[in-house]
Amino acid sequence: MAGFRSLARQVRDPLGDLALRRYSLRKCLERFAPYGHRATWDHLCARHGIDPEDRAPDPARLISALDELEEARAVWLAYEARFAERRRREKHAGLRRPGAFDDWHRRTWGGHGVARCTDPEVHPSEPLAEVLRRLIAALGSDPGSACPVCAGTGIEWRQERGDEPWAGPVCTGCGIALPQPALTDRTLARARLPRHRKRTTVTAA
């Protein structure tokens, strides 16, 4: 099975068939897709002017999309290296089990779905690398009451069933499933409230 870097070389191959180069870019998303496969593809197509159904898109646009994906992957790999180093120090100090703070990392090992978008058509417009930097910075700061990506305060608790059941806070502005350690307990509690209760709380305030 080809790895990310091997697939990236195929995308950049000027002698390669355009359909194969497009296919290789899609395969890259099986190795690294911050928003999830469908949402990341939708994001890259929108930002780089690629028709999602075009089987032979402009190669310059394909490479531009790959550049963005590679920059985001570099941000994630640097974060994973720092995470691994911290865990080595903690184990050396006798802390064998990761804390609740690290749940986000365990669920997103490899970077796939690290900034999961529950709706494939709703995602941030900023570059992928910038979105990851904001999430990582938020995890290194005190918990907040707003989305660390878009600063929106519309945060709802959503549940998904299927092959990979999931539940957690989602920003209604940019569509990202947010890591719980980045939010205050009060914000998480409010996100769990039914919508009509939230409206009542806002009116009372």
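A polar contact is a pair of N or O atoms within 3.5 Å, where within protein one must be able to donate a hydrogen and the other to accept it. I kept that in mind while going through this predicted model.

**Entry 1: T187**

I began with T187, which lies in helix α7, residues 185-192. Its side chain makes a polar contact with the side chain of T184, at 2.7 Å.

**Entry 2: A151**

Next I looked up A151. A151 sits in the loop between α6 (128-139) and β1 (155-160). Its phi is near 70 degrees, a positive value in a residue other than glycine. I noted A151 as exposed, because its relative accessible area is 55% and the cut-off is over 50%.

**Entry 3: the second largest pocket**

I turned to the second largest pocket, with a volume of about 170 Å³. Which residues line it? I listed R22, R26, R38, W41, D42, P52, E53, R55, P120 and E121. By class, the lining has seven charged residues, three nonpolar and no polar. I also checked which helix gives the most to the lining. That is α3, with three residues. Both α2 (18-31) and α3 (37-48) supply at least two residues each.

Definitions and conventions
Residues are numbered from 1 along each chain as its sequence is written. This is a predicted model: local features need pLDDT of at least 70, side-chain atom pairs count only at pLDDT 80 or more; totals for chains, interfaces and linings use all residues. Side-chain values use heavy atoms; hydrogens and water are left out. On a 1 Å grid over the protein atoms alone, a cavity is a set of points where a 1.4 Å probe fits but cannot get out, and a pocket is an open set with protein on both sides within 12 Å along at least five of seven lines; lining residues have an atom within 4 Å of a point. Grid points are joined across faces, edges and corners, and a volume is the space filled by probe spheres set on the points. Helices (H or I, at least four residues) and strands (E, at least two) are DSSP runs, numbered from the N terminus. Ala, Val, Leu, Ile, Met, Phe, Trp, Tyr, Cys and Pro count as nonpolar, Asp, Glu, Lys and Arg as charged, and the others, Gly among them, as polar. Buried means under 20% relative accessible area, exposed over 50%, partly exposed in between (1.4 Å probe, protein chains only).
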